[in-house]
Amino acid sequence: MTDAGSTEVFVAPEPAEALARLGMPMEEAMRTQRAVRKLHLTPVSHDVLLPLLELSLKAPSSSNSQDWSYLVVEDPGQKAKLAKLWRRLYKVVNPIAVRQAKGDPKELRGMAPGQWQAEHFEELPVFVIPCYKRNLKHRPTGRPQISVASFYGSVFPPVQNLLLGCRAVGLGASLQTLPIWWVPSVRKILGLPRSVNPVCIIPIGWAKGNYGPTTRRPIGEVVHLDRYGNQPFLET
Ligand SMILES: Cc1cc2nc3c(=O)[nH]c(=O)nc-3n(C[C@H](O)[C@H](O)[C@H](O)COP(=O)(O)O)c2cc1C
């Protein structure tokens, strides 16, 4: 398959060839998985996407409730509605981000893939929107003293599995929350019942942007031994 309506020549790998890449060493996948926002506009075959979704759901969920659903959006009309919703917010937040960059070329370069994606949102091949069902044990809201981690914590493990799977096969993907900022509209577009909560959106396509290595804080800065503040692994 090639990108429709584009002068670029990109040929997506055959599904079997792409899935064979899942043998990538785990360390390499974990070190290089990153938010890849520049994507080829070529469709992503269900023969690649569905095995990745299935593998991603090997993740844990609270009490093994598995109350998840994946909304896979490919229909141009549906994608256009999601793009319209995202642009309502993007129009406001992008100029703020540009102002905050104060002309710094590195900052502005870093923003370019996100801007490209916002401008091409409805053309992106596929969106996966992980949702989780509210149930008696696991609610997205509660008293502030009581952790709600079991609710969102049942969504993000499969999401990370999916991101790693995409990385291995050569797909670009990123976890995003801003495009689905106005939940009532997302419910309406996707026909979600009130009990089903959209948690994030993952635009997916064959990667055009680069993978990692990513830059992250050093481990010694993050690890506290026995009590917060005791950081014996800090580099001196
Ligand atoms: C909870 C969460 C929400 C995020 N929301 C967005 C988003 O709305 N838009 C976006 O472009 N990226 C979003 N990201 C992606 C982060 O910006 C990205 O993972 C981070 O900057 C690290 O980038 P890297 O993995 O390319 O190094 C989100 C990530 C997380 C974990």
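Predicted model: local features only at pLDDT ≥ 70, side-chain atom pairs only at ≥ 80, totals over all residues.
Me: OK, how many helices and strands does the chain have?
Reply: The chain has nine helices and five strands. Helices (H or I, at least four residues) and strands (E, at least two) are DSSP runs, numbered from the N terminus.

Me: And what pattern does the chain follow along the sequence?
Reply: Going along the sequence, the pattern reads α-α-α-β-α-α-β-α-α-β-α-β-β-α. The radius of gyration is 19 Å, close to the 18 Å that the globule rule gives for 236 residues, so the chain is as compact as a globular protein of that length. Here the radius of gyration is taken over C-alpha atoms, and the globule rule is 2.2 Å times the number of residues to the power 0.38.

Me: What does the C-alpha trace span?
Reply: About 60 × 50 × 45 Å along the principal axes of the chain.

Me: What percentage of the residues count as buried?
Reply: Of the 236 residues, 26% count as buried. A residue is buried if 20 or more other C-beta atoms lie within 10 Å of its own, exposed if 12 or fewer, and partly exposed in between, with C-beta atoms placed from the backbone.

Me: Switching to the ligand. Which residues are around it?
Reply: They are R34, A35, G114, S174, L175, Q176, T177, L178 and T214. A residue is near a molecule or strand if its C-beta atom, placed from the backbone, lies within 6 Å of it.

Me: How does that shell split by class?
Reply: Around the ligand there are three nonpolar, five polar and one charged residues. Ala, Val, Leu, Ile, Met, Phe, Trp, Tyr, Cys and Pro count as nonpolar, Asp, Glu, Lys and Arg as charged, and the others, Gly among them, as polar.

Me: Now α7. Why is it called largely enclosed?
Reply: Ten of the 14 residues of α7 are buried, so the helix is largely enclosed by the rest of the structure. Among the buried ones are P158, L162, C166 and R167.

Me: How far does α7 reach?
Reply: Helix α7 covers residues 156-169 and reaches 20 Å from its first C-alpha to its last, close to the 20 Å expected at 1.5 Å a residue. The expected span is 1.5 Å times one less than the number of residues. Just after α7, G170 has a positive phi of about 105 degrees.

Me: What is L162 in contact with?
Reply: Leaving aside neighbours within four places in sequence, L162 is in contact with L52, L53, S56, V128 and I202. Two residues are in contact if their C-beta atoms, placed from the backbone, lie within 7 Å. L162 has 25 C-beta neighbours inside 10 Å, so it counts as buried.

Me: On to the strands. How many bridges join β1 to β2?
Reply: Six bridges join β1 (residues 68-73) to β2, and the two run antiparallel. Two strands pair if DSSP finds at least two bridges between them. In that pairing, Y70 stands opposite P130 in β2.

Me: How do β4 and β5 pair with β2?
Reply: β5 (residues 202-206) is joined to β2 by three bridges and runs antiparallel, with P203 as the bridge partner of F127. β4 (residues 196-198) also pairs with β2 in the antiparallel sense, over three bridges, and V196 in β4 stands opposite K133. Six of the eight residues of β2 are buried, so that strand is largely enclosed by the rest of the structure.

Me: Which peptide bond is cis?
Reply: A cis peptide bond joins G212 and P213, with omega of about 20 degrees. P213 lies in the loop between β5 and α9. Most residues other than glycine have a negative phi, and most peptide bonds are trans.

Me: What is phi for N64 and Q66?
Reply: Phi is near 55 degrees for N64 and near 50 degrees for Q66, positive values in residues other than glycine. N64 is in the loop between α3 and β1, and with 7 C-beta neighbours inside 10 Å it counts as exposed. Q66 has 15 such neighbours and counts as partly exposed.

Technical notes: Residues numbered from 1 in each chain as written.
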